[in-house]
Amino acid sequence: MHARAATRKTVPDATPAPAATASTGLAFAALVVANVALAFGPWFVRLADVGPVAAGFWRITIAIPFLAALAVGTGARPVRMPPALWVMIAIGGVAFAADLGSWHLGIVRTTMANATLFGNSAILIYPLYGFIAARAWPSRTQGVALLLAAIGAGLLMGRSYQLDPRNLAGDLLCILAGILYTVYIVLMARVRGAMRPLPALALASAATALPLLLFALALHEQVLPQQWTPLIGLALVSQVLGQGCMIFALGQLSPLVVGIALLIQPVVAGAVGWIAYGERLQGADWIGVALVAVALVLVRRAEVAPARGREQEMVP
């Protein structure tokens with residue numbers, strides 16, 4: 001009698017776990033959408049008739065009204081925020097401006113595949129930051145996922161990812177962009193702890209636009225375009241959709257999941273390069289794609305398993 005009564009009492013306490021799992025699933029889906037959308041960024045930059053840093057400025061500037069409207073439409077209102085939050089948003093905006101500036105400069109100095117892969121060096125940096133911040137070693141599943149991701153990234157380089165004296169400067173600029181992007185997502189993950197996604201992204205974008213314009217003017221780039229279509233696509237696909245989904249996911253997923261999911265971008269960029277520029281994927285590239293997919297499945301299961309384990313522990 002007592003055992004049955006205890007069972008009835010503990011089962012309702014376990015019911016929030018499926019809701020939490022569903023929320024994590026939505027965040028994971030948003031993370032995938034974000035990386036697919038962001039993978040089209042290099043293509044839009046190449047199509048633009050302005051300088052690469054100027055393209056970054058227009059990416060942000062065109063997106064700001066859309067982000068502000070979406071933020072207000074979802075209930076965001078002006079509120080007094082602590083100074084520390086403003087500082088994190090401002091630093092995050094400058095870091096993102098430096099990231100976009102260096103990445104866009106690298107895009108026009110190396111292959112699209114190199115730019116996407118090296119620009120996402122946060123694949124490994126951000127998860128390592130997460131383990132250091134948590135003062136913990138990765139679990140066996142997480143370690144295997146990281147190893148598969150690293151092998152997959154190496155295979156995805158293929159022939160077109162090999163370093164070349166002609167594109168070394170572009171590769172180094174893209175690696176620098178990956179480091180700066182890690183700084184940005186670390187800061188925005190903290191901001192997401194105090195703000196909803198759209199207001200956080202709108203404010204960070206506002207802090208990014210002016211530094212990008214100053215960078216473009218300092219490099220004497222052409223700023224005013226004649227063709228707006230690539231820049232509008234860059235703003236709506238990369239900034240509104242891509243960064244919007246990324247900021248939404250940052251507040252709900254671990255650094256390991258976010259870091260490994262960034263490997264989706266080189267895969268999609270490789271497909272775009274295949275279709276737009278005839279850059280066909282070779283056998284090693286397909287193996288790399290498969291390893292990345294397996295790593296994503298493993299790390300996703302590692303995220304869901306603890307929630308299910310906690311649920312089972314509550315039922316005698």
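Predicted model: local features only at pLDDT ≥ 70, side-chain atom pairs only at ≥ 80, totals over all residues.
How many of the 316 residues of the protein count as buried? The share is 48%.

The protein has 14 helices and zero strands.

Now look at one pair of helices. Two packed helices are described by the angle between their axes and the distance between the axes. Helix α9 covers residues 168-192, and helix α10 covers residues 197-218. They pack at an angle of about 135°. Their axes lie 10 Å apart. The two helices are therefore oblique to each other. The crossing of α9 and α10 is right-handed. On the α9 side, the contact involves Tyr184, Met188, Val191 and Arg192. On the α10 side, the partners are Pro197, Ala200, Leu201 and Ala204. By class, this contact has seven nonpolar residues, no polar ones and one charged residue.

Is Ala204 buried or exposed? Ala204 has a relative accessible area of 2%, so the residue is buried. Leaving aside neighbours within four places in sequence, Ala204 is in contact with Ile89, Gly93, Tyr184 and Met188. Tyr184 and Met188 belong to α9 and take part in the contact with α10. In sequence, Ala204 and Ala95 are 109 residues apart. In space, their C-alpha atoms are 9.9 Å apart.

Follow the chain on from α10 to helix α11, residues 229-250. The axes of α10 and α11 come within 9 Å and cross at roughly 125°. That angle makes α10 oblique to α11. The crossing of α10 and α11 is right-handed. Which residues make this contact? From α10 come Pro197, Ala200, Leu201 and Ser205. From α11 come Gln239, Gln243, Gly244, Ile247 and Phe248. The residues of this contact divide into five nonpolar, four polar and no charged.

What does Ser238 touch, not counting residues up to four places away in sequence? The list holds Ala37, Leu38, Gly41, Arg59, Gly233 and Gln243.

The last stop is helix α13, residues 264-277. This helix has 14 residues. From its first C-alpha to its last, α13 reaches 19 Å. That is close to the 20 Å expected at 1.5 Å a residue. Several residues of α13 are buried: Ile264, Gln265, Pro266, Val268, Ala269, Gly270, Val272 and Gly273. Just after the helix comes Gly278, which takes a positive phi of about 70°.

Terms used
Residues numbered from 1 in each chain as written. Heavy atoms only, no water. Axes fitted to C-alpha atoms, helices over the stretch in contact; angles between N-to-C directions. Helix = DSSP H or I, 4+ residues; strand = E, 2+ residues; numbered from the N terminus. Parallel < 35°, antiparallel > 145°, perpendicular 65-115°, else oblique. Left-handed = near helix turned anticlockwise from the far one by under 90°. Contact = heavy atoms within 4.5 Å. Nonpolar A, V, L, I, M, F, W, Y, C, P; charged D, E, K, R; others polar. Expected span 1.5 Å × (residues − 1). Buried < 20%, exposed > 50% of the residue type's maximum accessible area, 1.4 Å probe, protein only.
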